[in-house]
Amino acid sequence: MLLIPAMIMFCCGVYGFITRRNMIAILISLELMLNAVDINFAVFNRYLWPDAMEGMFFTLFAIAIAAAETALAIAIIINLYRSARNIDVRDLNKLKY
Amino acid sequence: MDATLPILILAIPLGMFFVLGLAGVKMSHRLAGILGCLGMGTTLVLAYTTAFTYFFSGSPEFVDAAGNRLQALIFDQTWLAFTDKLVIRIGFLLDPISAMMLVVITTISFMVHLYSMGYMRDHHGVWERGFQRFYAFLSLFSFSMLGLVVATNIFQMYIFWELVGASSYLLIGFYFIKPSAVSASKKAFIVTRFADLGFLIGILILSFYTGTFNFTELTSAPVEGLAGVFSVSETTAESVRSIFRSSAAPVFLGGSVLTWALVLIFMGGMGKSALLPLHIWLPDAMEGPTPVSALIHAATMVVAGVYLVARLFPLYLMEVTALEIVTWVGAITALYAAIVACTQIDIKRVLAFSTISQIAFMVVSLGVARPEVHEGLGYMASMFHLFTHAMFKALLFLGAGALIHAIGSNDYTAMHGLRKYMPVTHWTFLIGCLAIAGIIPFSGFFSKDEILSSCLGNSTLVYIWMSAVAGLTAFYMFRLYYLIFWWKEHKVHEGHHAPHDQPWTMTLPLVILAAVSCVAGFIPFGNFVTWNGAPYDFMAHFDWSVAAVSLCVALAAIGLATVMYRKENPLPEKFRAAMPALWTWAHHRFYWDELYMFITHRIIFNGICRPIAWFDRHIIDGTMDAFATVTNKASQAIKPLQSGQVQLYVWWYLLGALALGGITMLCLL
Amino acid sequence: MFSNILIWFVVIPLLMLAGLALCRDIKQIRAVAVAGSTALVALSVKLLVDYLALRAAGATAPMLFTDSWVWFAPLHINLAVGVDGISVAMILLSSIIVFAGSFASWTIPQPKAFFLWLILLSTGVFGFFISIDLFTMFMFYEVALIPMYLLIGVWGSGRKEYSAMKLTLMLMGGSAFLMLGLIGIYYHSAPAGQPLTWNILEIVRNGAISHDWQCFLFPMTFVGFGVLGAMFPFHTWSPDGHASAPTAVSMLHAGVLMKLGGYGCFRVAIYLMPQAANELAWIFLILTGISVVYGAFSACVQTDLKYINAYSSVSHCGLVLFAILMLNTTAMTGAIMQMLSHGLMTALFFALIGMIYGRTHTRDITKMGGLMRIMPYLSVCYVIAGMASLGLPGLSGFVAEMTIFVGSFQHADMFHRVFTIVACCSIVITAVYILRVVGKLLFGPVQDPHHLELTDATWWERFSTVTLIVCVAAIGCFPNFFNNLIRFTFSPDIFAVIGMN
């Protein structure tokens, strides 16, 4: 049963990732997807192999990585904002081509 | 015979070309001129010695026990070996016609060298610019022409043939500042090049079937039942005969390949000898300095075509069709050039057309020559006429040069009545005119008479035709003579700037050539030059009736010219008015130049070259550019897919994943 | 390794590169370039002498001075070298043109970079001519092509970027075919079960390429090299490329690089796959026959001096491929002579055009005239080059063309003889466009009064042109020497397969 909210969370994340133009929003969507996956890890661990704890640990590990990643991403976004005064992904194409 | 002399005959002019060409600018004009004359003088002596040795030494190398003259290979060095058999050799072939040509070429060339010392400086003694270059080119020309006549094989002849063409190009374009001279030289080269293409293809065909370039093998004994020409061993003769029997068999477009080869080779001769329809370059070539016209475009180079046919004459005898073509090309050219010569104003052009006409005489004579008619008189007559014509035509040209030098114009309307002012020029010119008109006892009478006898022996039509041309010749030459030296006098001639005879360097050659023209007719030519080397007594075949008729025709024509042109009178105008169309056409040389301009410019240049260049730039190159453009456009078109927007990629990824999932589901179901 | 004379043809240019890298000013650069190219000329003369001495002593192997060093064993790639008469002739030609080219670029801007690329290019050229290993041959081929892009793109004139790109892309396109062909040859180089090889001599000895594969690989390699040999319709890089290239590059390109095409066609396409060559030659004969006449006609209407010579190169190089395809000894000898002759006289032409352009700053013949008065030395050289091009006896063009025509006409087949006559027509058209240029450019009145102040050739220009003229005249006057040098290569056993004479 717990998989249903995780799936809803993941779909929201995907939808947000594709449609949002604001980098912060994209980052939030990304986090949503990550967390949905974390929930899945925990759930599958609990139901399929109740005596093993790898899933739980992996979840914790992923949360830590996600935190670091968010910190990095926010730092990039802030720097981008400082130079471009804008964090809309469609306008930030100067490095293309 | 020792090879030193012949080698020197070729080496001296060539060496002189390099000396004057490379070091000429550092020399004084006089030194360059003297060097050139000395070089040519030495060559003259050597050539005379060689010819004398050939004709009179009686050495077994040159004449066999029966008194027949032989072909002697003095030396023959391999120059380029294409295959085992097809080898270009550079050598020295001594036989009657080459020995005779040695004499002709060196004589005229030496006269011209001497004459140019006077001609190439103006009345104040200032030398013509590029004088040294002029002598260098003259030496180059002499070298090439000598190499041509002594060629031992047809490819050597072709090599020197091309060199002669190139030196003629350089000499016609000597005054390279003048656009008319530049275009004339270009025209001469390209027209003769076109003819040489025929020559080359002819050589290729001939050598393909016979497997040899050598004259001695090609002409040894191709006609059955006749004594071997120049007595080559019977085995060689038989092998050549069998080759020709088999090679004459293949037929191409209605003619045997041998006919084709011979006609194509003759095409090369038509170009050099300015026969219809490849004659158009010769009148324009008069843009060159007059001594050059005398040397190249009257006496030596233009007879190369005649010489070529004479050289291969035994082969031509195998294919009578080819000889018929030769005859009629010559006959038509002779008449055409004679008619045109009657209407020209420029004295050099009159002489140019008279040259064309006289060369056509020689060609006709070769064309009608048959061993069974007067023992091949036509061949001998042709060579005889070549010899005498070289002398008197060079005389006429040099005389014309003296006039032009004195007056400063080519136009006879600026001359009139010069006989009092330039007596030497006048008398020598008159001798030249009498010789070309065929008045006894001048040299032209004898040679022309033999040509006419030979024509009569072959066909009456050709005889009547050529007699008429002979009459026309006498007429237009005396028209020219009277218009220059008689007619009414110009007032401008009087006073300080009165024209006068030229310095001795110019008059001496005139006198010498005039003397030769007086006596050359009495040379027993048949003893020296015959088609098969057997000596021949031409007095035995001398036809007095033909001689009388031709003399009468010539005298009548001179009489007519005297009546019309000796004094100013309205007769010429009446004549012109009587046949306006003919006069206009003849005056415009029957519009041959316009026709050629149309073909080369309108059809070839605008109709072939330009479309091809356009095709190359727009179609071929366009296709290549189109490849590039299409690639470029295609990449531009798919570039937005690579937008750098991760969201878009995710979107495509998602769609792809769903599609794959869907397909998997379908497959599983 | 360095005991083999051939390897020095690559080592010397490499040493020159190192020397150039250390140079500080133009004098040092000139010194290195002249010293190096002189060494190359000396070396190639020594090679010629040694080669002839060996042949005279009775060496009958198809290639002499052969040697092989393993480079990458798993794929059987070796650095294998060896020369026959043709390669010796080509090496001699290349070294002379590099020598003349060094003098012709005496005052080039940015000399250091220019000479670096130029010498790299010649490294590739020499490497190509000495290798007999298909892989290293191909590698050197590419080494020769790539510097061309920079040399034209940086030092060129006119639409140089466009031309450089076009030239490089078209030649690379050819290389793609070639690469495919070479790999194909490699995989069929030995009978089943034996180790494969890239070595030309071994491939010929094995004779393992089946008939069907030959018919596939022959067009690949022939077209691949044919692009560089300016074969119709893949010739259009040539006019633009030549027109934009600087003097020395035009010289080297027309003089040597285009010869790589002809040489490759012979050495790879025909030498290795004679059966297919015999069967498919007629297709390419038609194409090259078109090249010959078509190039000549196109040259007649051009007004840019370099375009005229580029089209004339198309015509003359077409004749090279044409003669190679005739598959008989005389015509092929003629083809190689034509390569030599065309290389020298086109290099001379481009050198002169560069010198004239450097003075008048135009190459449009309608804007120039009467140069004979102003710069007699250069004009006389131009006339000589023109005469060589239109086949005047005594200069190189005549002997080459005549050998080709006579050789081709000996073909037993009517089709070949008719096409020979078609090709013969080019001698007239050549005369037309050469005399047109000579008449307009050198003779007649002076068109532009500013030209009256121009100067004649400097000493290095004289040196460069005299070198080339002497070589052109040497071939023209003593053709049999070159003829014998080249002819030995076509010893009958090599072409026994197709019964070539």
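Predicted model: local features only at pLDDT ≥ 70, side-chain atom pairs only at ≥ 80, totals over all residues.

Let's start with chain A. Its secondary structure amounts to three helices and zero strands, so reading along the sequence you get the pattern α-α-α. With a radius of gyration of 17 Å, well over the 13 Å that the globule rule gives for 97 residues, chain A is more spread out than a compact globule.

You can see the outline in the C-alpha trace too, which spans about 50 × 25 × 20 Å along its principal axes. As for burial, 9% of the 97 residues of chain A count as buried. Looking at contacts in chain A with a separation of 6 or more, 46% of them are between residues 24 or more positions apart.

## Where chain B meets chain C

Next up is the place where two chains touch: 37 residues of chain B are in contact with 38 residues of chain C. On the chain B side, the elements giving two or more residues are β1 (72-81), α5 (154-172), α6 (179-210) and α24 (592-638). Of these, α6(B) hands over the largest share, 13 residues.

What kinds of residues does chain B bring to chain C? Sorted by class, that side has 27 nonpolar, four polar and six charged residues.

## The largest nonpolar core

The largest nonpolar core has 428 residues. Those touching the most other members are V309(B), V363(B), A394(B), M466(B), A89(C) and L352(C). Helix α16 of chain B, residues 377-407, supplies the largest share of this core, with 22 residues.

Zoom in on V309(B) for a moment. Leaving out residues up to four places away in sequence, V309(B) touches F266(B), G269(B), Y316(B), V326(B), V363(B) and L366(B).

## A closer look at α20(B)

Last stop: helix α20 of chain B, residues 504-519. At 1.5 Å a residue, its 16 residues should span 22 Å, and the end C-alpha atoms are 22 Å apart, so the two agree.

Which residues of α20(B) are buried? They are M506(B), T507(B), P509(B), L510(B), L513(B), A514(B), V516(B) and S517(B). Among the elements covering these buried residues are α3 (96-119), α16, α17 (423-437) and α18 (443-458), which belong to chain B.

Technical notes. Residues numbered from 1 in each chain as written. Chains lettered and ligands numbered in written order. Helix = DSSP H or I, 4+ residues; strand = E, 2+ residues; numbered from the N terminus. Rg over C-alpha atoms; globule rule 2.2 N^0.38 Å. Buried ≥ 20, exposed ≤ 12 C-beta atoms within 10 Å, placed from the backbone. Contact = placed C-beta atoms within 7 Å. Nonpolar A, V, L, I, M, F, W, Y, C, P; charged D, E, K, R; others polar. Core = buried A, V, L, I, M, F, W, Y, C linked by C-beta atoms within 7 Å. Expected span 1.5 Å × (residues − 1).
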